[in-house]
Amino acid sequence: MSDCFLCSYVGLFFKYYLNLWLIALAIWVGLVVATKVGSDGSKFKYYAKFGMIYFTTQGLTTLWTPISLLSPLNIVHARIISTISSYATTLLPITWELRNARVLKEAKGAVVMANHQSSMDILGLMMLWDILKDVISIAKKELLYLIPFGPAGWLAGITYINRQNRTSAMRTLDKCKRNMVEKGHKMYLYPEGTRFPERGMLPFKKGGFHTAIQAGVPIIPVVFSHMYFIDAKKYLFKPGHVIMSVLEPIPTKGVTVDGLDALIERTRSAMLAEYEKISAEMDGNLSNSRWVRQSRPRFTIIDNKKSD
């Protein structure tokens with residue numbers, strides 16, 4: 001009788017779980033349809049595109065919870081979720097070109113730093129996740145209380161950090177450092193600390209550089225070209241193309257706290273120079289009507305620095 005009792009509960013669980021997937025799918029399809037409604041500059045269409053991406057990532061993370069419970073806090077879950085979610089970019093549509101991918105493929109233990117232009121930079125991370133493999137994804141602790149996504153993300157391996165409590169933050173970063181050194185994980189962060197939608201970059205925060213120095217791991221800059229297709233002021237979210245350029249690793253072994261400012265300046269100068277270069281290239285491409293009309297694959301991976 002106990003077996004039948006257990007079977008009934010298992011069956012009930014799968015019934016409700018399947019219903020949740022069907023409801024989520026219906027909402028997602030509705031959001032996808034909404035992204036096609038209206039003209040460019042429409043608030044409805046603009047927010048529908050953002051909504052579709054947010055719902056894709058948060059909904060899939062939440063629905064993945066029963067699988068995450070089989071091996072909780074395993075960062076492999078976040079990688080699988082991100083890889084699946086990244087295909088939503090095809091519906092926007094946005095295409096991506098990764099240059100010098102060899103560096104990310106070969107790196108073992110590093111702090112990966114990227115410029116931060118929009119909340120849509122999360123799409124860029126999703127595109128890179130399967131290349132990076134073992135990623136320590138850092139999020140502010142406030143997101144942990146975003147029910148049900150926060151706890152689901154924690155189970156899937158997202159690391160939450162309490163920026164308001166230095167002692168707690170240091171404990172979290174110490175664990176990240178151990179994983180980078182002992183397991184070869186890569187920590188991905190935005191050194192600007194906040195979004196900057198204009199051309200250029202904000203000054204860099206010191207936290208990530210401290211972590212890299214203390215762990216003795218290299219810094220790998222990843223530079224995203226200007227996201228010309230998103231304009232929050234005009235409610236524009238058009239189809240677009242993004243170049244992601246990976247720079248050569250910047251070593252930190254032997255660097256002390258006295259060399260921190262020089263390390264930050266070296267990293268920011270290299271990233272800013274590359275940003276201006278690939279953004280200028282993109283400007284030139286946009287003036288070429290043939291390039292604009294050209295069909296491109298969703299994700300182009302180039303192992304070397306420049307494309308042919």
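This is a predicted model: local features need pLDDT of at least 70, side-chain atom pairs count only at pLDDT 80 or more; totals for chains, interfaces and linings use all residues.
1. Eight strands form an open sheet with mixed pairing, and their order is S4-S3-S5-S2-S6-S9-S1-S10. The edges are held by strand S4 (159–161) and strand S10 (299–302); each has a single partner strand, so one side of each lacks a neighbour in the sheet. From one strand to the next, the twist averages 25°.

2. For a closer look at one pairing, take strand S1 (residues 94–99) and strand S9 (residues 240–246). These two run in the parallel sense and are joined over six bridges. If you want a residue pair to check in your viewer, Arg99 has Ser245 in S9 as its bridge partner.

3. Next come the helices. Helix H6 (residues 121–132) lies across S1, strand S2 (110–114), strand S3 (135–140), strand S5 (186–189), strand S6 (219–224), S9 and S10. The direction of H6 is at about 45° to S1.

4. Finally, a residue worth a click: is Asn179 buried or exposed? Asn179 sits in helix H8, which spans residues 166–183. Its relative accessible area is 15%, and because the cut-off for buried is under 20%, Asn179 counts as buried. Setting aside neighbours within four places in sequence, Asn179 is in contact with Ile136, Gly184 and His185.

Technical notes:
Residues are numbered from 1 along each chain as its sequence is written. Side-chain values use heavy atoms; hydrogens and water are left out. Helices (H or I, at least four residues) and strands (E, at least two) are DSSP runs, numbered from the N terminus. Buried means under 20% relative accessible area, exposed over 50%, partly exposed in between (1.4 Å probe, protein chains only). Contact means heavy atoms within 4.5 Å. Two strands pair if DSSP finds at least two bridges between them. Axes are lines fitted to C-alpha atoms, for helices over the stretch in contact, and angles run from 0 to 180 degrees between N-to-C directions.
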